[in-house]
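This report is an introduction for a reader who is meeting the structure for the first time.

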Amino acid sequence: MDTFTEAYQKSLKLLKTKCFDPRWSDLEARIKILFAAAGPNAGEAAVLDVIRARLDAQKKDTSDDAWSVYSVPDEIIDLSRPDVPGFQDRAALLDMLRNFHLVQQAGNQRVWVLDGAAGIERWMYDELSGNTKDDVRRKLTFNVFEALGPNVRRMLPEALQTARKWSMDIAGRLSAPDAETTAAVKRWFLIGDPGEGKVRRTTATLLSGFKKIAALSNSADIIFSDDPPFRKRDAKLGGIRAAAVDPKEKKMVVIYIYPGFLKRAKRNKLGQYPEMWDAALTLIHEFSHRALKTQDVYETKYHGLKPREQFPPSDAIQSADSWAYFATNLVGELPKEILSNALD
């Protein structure tokens, strides 16, 4: 299993059968509505909070004189009907549900986050497959520390809103470019004195692209997700990856968030995010992959984003970093030292 879409489709298939203990019959009916074929149904998003509350509040009277907390892993196993084959998948589904959040609903857009367990290094369906009850209990116990956490979950809608606003503003500027806009186009995508025709064509390409990026960022449902297998691989490389999209996912808009993104969720004393410019830049980078099929050209072939003989305009226009840095620079949010380094 490699993607959120695969996990979601697995969940849909499971929910066509009887999944949970009769104690949860009321919630199971709502969960089936939540997991709609085209994507999560916000009309039943409240069931996710009910699931978390019920799991966290389960207690069992174990003696005449004491109460003991009924652990969440034990409760998930019991709810998953462990005496019926396939309980591991049902336990994985419950784990997915308790880690799935609708973090914002504004206008016609919903922002969802799947925040998995930091201690798990595969998608939970794969992690629990074929395990005994004791192994399932042990692995579910890892779900104490979240891979992303509440600070990141709160910041993601603001980052998305910022990226969308920038993209719309940039499209407006590119439709009637002034001297500053034209200078930015030349700075990031052209060499020397390219001539009016080439500037005009490049500007038109960027205009079309940022319209598509703005439209994608305004999708009805945006899903931010942990990616356990890649998170593990990225950690071995120093945790430098911030986000990614998977070209195999065509229907749902899913952006994977990695440890390199987490520092952007730190607020200052004024309650602001000093790294918001970097968070929005990262999202524009990923949206350009999805909307325009840009590539990580800079990461694989070059050092620096200044167009030159070794980094020709034909590569710059295909570079996700070039689109993202151009956007951040044009709206005046790219720090001077970052600008200097990027154009080195």
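Contact here means heavy atoms within 4.5 Å. Leaving aside its neighbours within four places in sequence, Glu 44 is in contact with Arg 30, Ile 33 and Leu 34. Glu 44 belongs to the loop between β2 (39-40) and α3 (46-57), where helices (H or I, at least four residues) and strands (E, at least two) are DSSP runs numbered from the N terminus. With a relative accessible area of 14%, Glu 44 is buried, a word that stands for under 20% relative accessible area, whereas exposed stands for over 50% and partly exposed for what lies in between (1.4 Å probe, protein chains only).

The model is a predicted one, in which local features need pLDDT of at least 70 and side-chain atom pairs count only at pLDDT 80 or more, while totals for chains, interfaces and linings use all residues. Residues are numbered from 1 along each chain as its sequence is written, and side-chain values use heavy atoms, with hydrogens and water left out.

The chain as a whole can be described by a few values.

| Property of the chain | Value |
|---|---|
| Secondary structure | 17 helices and nine strands |
| Box filled by the C-alpha atoms, along the principal axes | roughly 85 × 40 × 35 Å |
| Share of the 344 residues that count as buried | 51% |

Among contacts between residues at least 6 apart in sequence, 69% join residues at least 24 apart.

A nonpolar core is a set of buried Ala, Val, Leu, Ile, Met, Phe, Trp, Tyr and Cys residues joined through side-chain atoms within 4.5 Å. The largest such core has 56 residues, of which Trp 188, Leu 206, Phe 210, Phe 224, Phe 287 and Phe 326 touch the most other members. Elements that each supply at least two residues of this core include β6 (109-114), α8 (150-175), α10 (196-217) and α13 (276-292), and the largest share, 10 residues, comes from α8. Apart from this core lies another, of 47 residues, among them Phe 20, Trp 24, Leu 55 and Val 136.

Which residues of α9 are buried? They are Thr 181, Ala 184, Val 185, Trp 188 and Phe 189. Seen down the axis of α9, these buried residues fall within an arc of 105 degrees, so they line one face of the helix; the arc is that of the directions from the helix axis to the C-beta atoms. Their cover includes α8, α10, α15 (313-316), α16 and α17 (336-342).
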